[in-house]
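Morning, everyone. Please have the sequence and the model open. I'll take us through a few regions in turn.

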Amino acid sequence: MLKILIAEDEAPIANLIKMNLSRAGYQCTWAADGEVAADFMYNEKFDLMLLDVMLPGINGYELMEYANTLELPVIFLTALGSTENKVKGLKMGADDYLTKPFEIVELLARVEAVLRRYHKTETQIYVFDVAIDTASRCVTRNGEPIPLTMKEFDLLLLLARNRNIALYRETIYETVWGGEYMGQSRTVDLHIQRLKKKLNWDNEITAVYKVGYRLEGEGMPQQ
């Protein structure tokens, strides 16, 4: 299981991040100040750090310098959204820079993108009795293949990586189809219905009123 260090002094934000990353299958450790984060970095090996700039004790920029010596990938999460701050963070070696407030689905996508860049993404995701192989793009149940189209696979992967999160139709469409969502389009709904039928997930994928869809479940990615 991939390990993520969350260096964030605001408990509500840290808990929200930790909850959603844990549901997505990551092992998370929270540090509420820079000195605690530095101790964790020294004593444990992490695959990624989510780093706030304005930390008590040791600030995020100082921790960034330490992370560079450890070759630890970093995504800055900060309320400092000016171009100057972004440029400073990226020039120091950060892999990404996300300004607060942000959508959890965007954070998960950026985490996945950075980990993929370092070849650290999971290859097997398990939800209920379904196994998703992200490398071969195969989906099986008890060893038996479930044939999905390319878009159905991408849709399933998006839902699986955002379990228990209500995803807007706009988010689903723009992520899976790559274009701007037109409100009258039934593309998302039709693909959801086909996916539910193929997986026999009538109750597992639920419609969220005036929002979109959510995949219920606590299945965890495994290595």
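Start at Ile132. Leaving aside residues up to four places away in sequence, Ile132 touches Thr123, Gln124, Ile125, Cys138, Val139, Phe153, Leu156, Leu157 and Ala160. Contact here means heavy atoms within 4.5 Å. A word on the source: this is a predicted model, where local features need pLDDT of at least 70, side-chain atom pairs count only at pLDDT 80 or more, and totals for chains, interfaces and linings use all residues. Residues are numbered from 1 along each chain as its sequence is written, and side-chain values use heavy atoms, with hydrogens and water left out.

Now the core. Ile132 is among the residues with the most contacts inside the largest nonpolar core, which has 48 residues. Leu21, Tyr26, Leu50, Leu107 and Val111 are listed there too. A nonpolar core is a set of buried Ala, Val, Leu, Ile, Met, Phe, Trp, Tyr and Cys residues joined through side-chain atoms within 4.5 Å. Buried means under 20% relative accessible area, exposed over 50%, and partly exposed in between, with a 1.4 Å probe and protein chains only. Another core, of 21 residues, lies apart from that one; among its members are Ala37, Phe46, Val53 and Phe76.

Next, the sheet. Strands are DSSP runs of E, at least two residues; helices are runs of H or I, at least four; both are numbered from the N terminus. Two strands pair if DSSP finds at least two bridges between them. Strand 7 (residues 130–133) pairs with strand 8 (residues 138–141) in the antiparallel sense, over 4 bridges. Asp133 stands opposite Cys138 in strand 8. The open sheet has 4 strands in the order 6-7-8-9, with antiparallel pairing.

Is Cys28 buried or exposed? Cys28 is buried, because its relative accessible area is 11%. Cys138 has 40% relative accessibility, so Cys138 counts as partly exposed.

Last, helix 5. Helix 5 covers residues 104–117, which is 14 residues. Ile104, Val105, Leu107, Leu108, Val111, Glu112, Val114 and Leu115 are buried in helix 5. Just after helix 5, His119 takes a positive phi of about 55°.

Terms used:
Expected span 1.5 Å × (residues − 1).
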